[in-house]
Structure formats: C-alpha cells, structure tokens
Amino acid sequence: MRCVEALHVYQKMPKKIEQEWLGTRLSWHLEAHDGHSTIHFEHLGRNPSLHCYGICLAGWDLFLVDSLKAYLDTGVGKPFRAG
C-alpha cells in the first residue's frame, strides 16, 4: 500500500509532520510454517530522521503487536479509542 494523502496532526510537533507519511509504503508478507503464520510488516520510507518516527513505531506496536495479536489469539482486539 502507498500513502497518497497525509494529514498526521500531532500536538507539539512541527507542522511538517503532517505530510511525512506521504509517499511511504506499507509492505505485508504472510508466511505459513508448521501450522502457524508469521506476519512480516515494513513501513518503507519511514526512517529515524522523521519527526513521526517514534510516534509511528509506538503506533505500529500498539496496532500490530498488541491489538492484532490479541484479536488473533482471543477474538477481541485492543482498538484505539480517542479520549
């Protein structure tokens, strides 16, 4: 998947964070082995020099490591809920 529009607003961050995802790509690869599956995920174009890097890293951990895994294991994920 390729990001064709971006508006990542995050308090106390420079305005240019809003467009940092533009043109980045999300790559998914599923691998089956011994009755189990492994999801390989990469956010191409996101690098440590971007303002959103740490925020995105934490977000992907929340959605993929915590929420998706919980959903696959229990049928109930941990979706983000805006306060």
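**Burial, contacts and side-chain pairing in the predicted model**

His51 is placed in the loop between β2 and α1, where helices (H or I, at least four residues) and strands (E, at least two) are DSSP runs numbered from the N terminus. The structure is a predicted model, in which local features need pLDDT of at least 70 and side-chain atom pairs count only at pLDDT 80 or more, whereas totals for chains, interfaces and linings use all residues. Residues are numbered from 1 along each chain as its sequence is written, and side-chain values use heavy atoms, with hydrogens and water left out.

With a relative accessible area of 30%, His51 is partly exposed, a class that lies between buried (under 20% relative accessible area) and exposed (over 50%), as computed with a 1.4 Å probe and protein chains only. The C-alpha atom of His51 is separated by 5.9 Å from that of Ile17, although the two residues are 34 apart along the chain. When residues up to four places away in sequence are not counted, His51 touches Met13, Pro14, Lys16, Ile17 and Glu20, contact being defined as heavy atoms within 4.5 Å.

In soluble globular proteins, nonpolar side chains tend to be buried together.

Cys52 is in no disulfide, and the nearest cysteine sulfur, that of Cys56, is 3.6 Å away. The sulfur of Cys3 is 9.9 Å from the closest cysteine sulfur, which is in Cys52, and is therefore too far for a bond. Cys3 is itself buried, with a relative accessible area of 15%.

On the surface, Met1, Trp28, Leu30, Ile39, Tyr71 and Leu72 form a nonpolar patch with about 690 Å² of accessible area together. Patches are made of residues with over 30% relative accessible area and no salt bridge, like charges being joined within 9 Å and nonpolar side chains (Val, Leu, Ile, Met, Phe, Trp, Tyr) within 5 Å. The areas come from the Shrake-Rupley method with a 1.4 Å probe, and for residues only the protein chains shown count as cover. At least two residues of the nonpolar patch are supplied by each of β1 and α1 (53–74). Leu30, one of the patch residues, is found in strand β1 and is exposed, with a relative accessible area of 62%.

The count of salt bridges comes to 2, a salt bridge being a side-chain nitrogen of Lys or Arg within 4 Å of a carboxyl oxygen of Asp or Glu. Side chains of opposite charge can pair when their charged atoms come close. In one of these bridges, the side chains of Glu18 and Lys15 meet at 3.1 Å, N to O; Glu18 is buried, with a relative accessible area of 18%, whereas Lys15 counts as exposed at 63% relative accessibility. Glu18 lies in the segment before β1 (25–33) and touches Ala6, Leu7, His8 and Val9, not counting residues up to four places away in sequence. Asp73 forms a salt bridge with Lys69, the closest N and O atoms being 2.5 Å apart. Because they are 4 residues apart in helix α1, Asp73 and Lys69 are separated by about one helical turn. Asp73 counts as exposed at 53% relative accessibility, while Lys69 is partly exposed, with a relative accessible area of 45%.

Backbone geometry was considered for two further residues. Most residues other than glycine have a negative phi, and most peptide bonds are trans. Lys12, in the segment before β1, has a positive phi near 65° and counts as exposed at 85% relative accessibility. Asp34, which lies in the loop between β1 and β2 (36–44), has a positive phi of about 50° although it is not a glycine, and Asp34 is exposed, with a relative accessible area of 74%.

Terms used: A disulfide is a pair of cysteine sulfur atoms within 2.5 Å.
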